[in-house]
Amino acid sequence: MANDASTVFDLVILGGGSGGYAAALRAAQLGLDVALIEKNKLGGTCLHNGCIPTKALLHAGEIADQARESEQFGVKTSFEGIDIAAVHKYKDDVISGLYKGLQGLVASRKVTYIEGEGRLSSPTSVDVNGQRIEGRHVLLATGSVPRSLPGLVIDGNRIISSDHALVLDRVPQSAIILGGGVIGVEFASAWKSFGTDVTIVEGLPHLVPVEDENSSKLLERAFRKRGIKFNLGTFFQSAEYTETGVKVTLADGKTFEAEVLLVAIGRGPVSQGLGYEEQGVAMDRGYVLVDEFMRTNVPTISAVGDLVPTLQLAHVGFAEGILVAERLAGLKAVPIDYDGVPRVTYCQPEVASVGISEAKAKELYGADKVVTLKYNLAGNGRSKILKTSGEIKLVQVRDGAVVGVHMVGDRMGEQVGEAQLIYNWEALPAEVAQLIHAHPTQNEALGEAHLALAGKPLHSHD
């Protein structure tokens, strides 16, 4: 296979999703000569099949709920239903605008963009479109795809993945969602807003099981109020077609029937058949193993994003890609504190957090060293105006820093920025309490919670 001219790039990136394109943009900015290879569309899962389209659907659902409920605000309106084709047009227009902007950004940075299916052919080269692209360093960023279970075939008809759900040409009358993590509860929320009868099946004891247990319980309470059904603590056993839909059987024999089954049990890495193992890259269950600087065991190869066993979040991919680019450019690289990454689930109500849970804090510091405080959004004027409910929970090491911020309520994802600073700057409650938060805002609730934790509550009492 012939080398593509005589060029040897400083960095060859396999995969143009969040991690890959972030590395390309930053590396080019730092003066490196970069080749970026992508088999589908620049922007990857997040832009085309993940973060952006799902949030567009959720916003459309929010508008539908507001139309139904407008009279409680003194506004008379009528809700005539969901035009799913128009919803998809709105969603696709959002994607298209961002996609064009990203293409222009990559071109403006003089990144050599190659469309085609690449394969690692040596520790310093990738083969694509019949040519060998050589580089001093290779970054693997091939992402992830929806995962299934043994014996459960996702056929795109009645048993579907999130990819299929994003382009479904109808609003299903009823749906079973297998998996109560981020993907599962977001689709449950959107579909319920569209009018679907939804049941979530989650094998673990709570919805959003990686969150603080208090957040899970608050979400479960909110979902019950919204009429979203869920079955917790029993694992899936089998699924079969019925005359009109799908029947799901659980390990305890309980059955559920619906028009469609959405399999939302997570995403698995895209690594098979791409030459990684042949070139000696250390792997585990399909994931590429890396150190805190995103280096593999092969000195000329790094890996980032959903391909490595870190948090599967677009903004984590961005950060990992930037870290690799800066390390290769000779800058001082700082390892990522994954506990310090903000996490948001965009269902209604939203679940947002940064730092560690109460349970993890007790495990690390001892139960007697951990202090918690819950601030109910009922005491927040802006939340009252929006008619949302929920809580902000703070986890503190006694006489020390706040190590966890856990929030449930509408628009809480917009408050996680300050929460991130509180955790990452190891702020004491008294330090946050002396900052003035605008009134009336939901952000004020974070300030009020820290006032209370500092022992000087204003709009709250025991």
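Contact here means heavy atoms within 4.5 Å. Keep that cut-off in mind for what follows.

This is a predicted model. Confidence comes before anything else. The chain averages a pLDDT of 96. Of its residues, 98% score at least 70. The start of the chain is another matter. Over residues 1-5, pLDDT stays under 50. For that stretch the model has 13 contacts beyond four places in sequence.

Now take one residue and apply the contact cut-off. Asp 65 has its place in helix 3. Set aside its neighbours within four places in sequence, and Asp 65 is in contact with Ser 193 and Arg 226. Is Asp 65 buried or exposed? Its relative accessible area is 13%. Buried means under 20%, so Asp 65 counts as buried.

Which helices each supply at least two residues of the lining? They are helix 3 (51-69), helix 6 (182-194), helix 7 (213-226) and helix 10 (381-386). Helix 3 gives the most, with nine residues. By class, the lining of the second largest pocket divides into 16 charged, 13 polar and twelve nonpolar residues.

The peptide bond that runs from Gln 348 to Pro 349 is cis. Its omega is near 5°. Pro 349 sits in the loop between strand 20 (343-345) and strand 21 (350-355).

There is a cis bond to Pro 440 as well. It joins His 439 and Pro 440, with omega at about -5°. Here the loop runs between helix 12 (429-433) and helix 13 (443-453), and Pro 440 is found in it.

Met 294 is not a glycine, yet its phi is positive, at about 70°. Met 294 is found in the loop between strand 18 (287-288) and strand 19 (301-303). At 1% relative accessibility, Met 294 counts as buried. Arg 411 also has a positive phi, near 70°, and is a residue other than glycine. The loop that holds Arg 411 lies between strand 24 (402-409) and helix 11 (416-424).

How many cavities of 30 Å³ or more does a search of the whole structure find? The search finds two. The largest cavity has a volume of about 50 Å³. Leu 57, Ile 84, His 88, Ala 165, Leu 168, Arg 170, Trp 191 and Phe 194 line the largest cavity. Helix 4 (84-108) and helix 6 are the elements that give two or more residues to this lining. By class, the lining of the largest cavity has six nonpolar residues, one polar and one charged.

The second largest cavity has a volume of about 30 Å³. Its lining is made up of Pro 146, Ser 162, Ile 183, Val 263, Ala 264, Ile 265, Gly 266 and Arg 267. Five of the residues in the lining of the second largest cavity are nonpolar, two are polar and one is charged.

Last, the cysteines. How many disulfides does a search of the whole structure find? The count is zero. Cys 347 is in no disulfide. The nearest cysteine sulfur to Cys 347 is that of Cys 51, and it is 15 Å away. A disulfide needs the pair of sulfur atoms within 2.5 Å. Cys 347 has a relative accessible area of 3%, so it is buried. Cys 46 is buried too, with a relative accessible area of 16%.

Technical notes
Residues are numbered from 1 along each chain as its sequence is written. This is a predicted model: local features need pLDDT of at least 70, side-chain atom pairs count only at pLDDT 80 or more; totals for chains, interfaces and linings use all residues. Side-chain values use heavy atoms; hydrogens and water are left out. pLDDT is the predictor's confidence in each residue, from 0 to 100. Helices (H or I, at least four residues) and strands (E, at least two) are DSSP runs, numbered from the N terminus. Ala, Val, Leu, Ile, Met, Phe, Trp, Tyr, Cys and Pro count as nonpolar, Asp, Glu, Lys and Arg as charged, and the others, Gly among them, as polar. Buried means under 20% relative accessible area, exposed over 50%, partly exposed in between (1.4 Å probe, protein chains only). On a 1 Å grid over the protein atoms alone, a cavity is a set of points where a 1.4 Å probe fits but cannot get out, and a pocket is an open set with protein on both sides within 12 Å along at least five of seven lines; lining residues have an atom within 4 Å of a point. Grid points are joined across faces, edges and corners, and a volume is the space filled by probe spheres set on the points.
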